[in-house]
Amino acid sequence: MSRFLRELSPGRVVRAAVADARGEWPNAYGKLLAVAEVDEETGPVAMFLACRRRRWGGQYRYRFLVLDLDVGRGGRAAVQEQAAALAELLRSHGIAAVRVASGPGGGVHLWTACPAGLAPAVVRRIAEAATRLYPTVDPYPLQNPLQGVVRPPGALHRAGGRADLTDRTPGEAIAMLKAGAPAERFEALLSTLEGMAAAPALWPQKRARTAAPPVRTGEQ
């Protein structure tokens, strides 16, 4: 985790959970902690996905777009099915995704990157359309560039275990995310997602049956 943060974190700080009086971790990350202070035994931490740069006119843009598929929004089987479908959709648009098992509950994070930065409006629309099509996706981390955070690979989970890379070594994952994909590919992805979301009759039947409004748990 510390290597991932050192090489990829858009900022110098992460958000860290603070244990309560019983020694349990809440589903909240209220403390700012310097990246340099984080090691493998640090409690649950979450990395910012967006940052502000002079070359972007001082505006915030998303350096990373992470699709967070939560078992609380449909169960393990739905998460696995929808993660595979989303990974294939990303691949078909030339966007490499690093798959991470988010913790012991069966959730999945699909990490993608755009070195040129993505406008918050584009990211928010991708999240909203993806959630309509794939109800296990929690759009919350992608709705506000100031608050969008996700636990990086290696980070402890509040319920035990860690966020673990599924099919990549740390070096491979870091290299893939450093390379990322051009903004144009994410804009094409957005067009595809919104086109699909506007035509429910074209959705795969199994997914359409699960597309009731989801309940957001906020778990990351």
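Me: What is the relative accessibility of R125?
Reply: This is a predicted model, in which local features need pLDDT of at least 70 and side-chain atom pairs count only at pLDDT 80 or more, while totals for chains, interfaces and linings use all residues. Residues are numbered from 1 along each chain as its sequence is written, and side-chain values use heavy atoms, with hydrogens and water left out. Buried means under 20% relative accessible area, exposed over 50%, and partly exposed in between (1.4 Å probe, protein chains only). R125 counts as partly exposed because its relative accessibility is 37%.

Me: Which residue does R125 meet in a salt bridge?
Reply: A salt bridge is a side-chain nitrogen of Lys or Arg within 4 Å of a carboxyl oxygen of Asp or Glu. Here the N to O distance is 2.8 Å. The pair links distant parts of the chain, 69 residues apart, with R125 in helix α3 and its partner in helix α5 (residues 183–197). The partner is E194.

Me: How many helices and strands does the chain have?
Reply: Both are DSSP runs numbered from the N terminus: helices are H or I, at least four residues, and strands are E, at least two. Counted this way, the chain has six helices and ten strands.

Me: Which residues are linked with E7 in a network of salt bridges?
Reply: E7 forms a salt bridge with R3, with the closest N and O atoms 3.1 Å apart; both lie in helix α1, four residues apart. E7 also meets K178 in a salt bridge at 2.8 Å, N to O. K178 lies in helix α4 and E7 in helix α1, so this pair ties together parts that are 171 residues apart in sequence. The residues linked with E7 in the network are R3 and K178.

Me: Which side chains of helix α4 are buried?
Reply: Helix α4 spans residues 170–179. The buried residues are A173, I174, M176 and L177.

Me: Why is strand β5 largely enclosed by the rest of the structure, and how many of its residues are buried?
Reply: Strand β5 covers residues 60–69. The strand is largely enclosed because of how many of its ten residues are buried: eight.

Me: With which strand does β5 pair over seven bridges?
Reply: Two strands pair if DSSP finds at least two bridges between them. β5 pairs with β4 (residues 50–52) over three bridges, and two bridges join β5 to β8 (residues 137–138). The seven-bridge pairing is antiparallel and sets V66 opposite W111. The partner there is strand β7.
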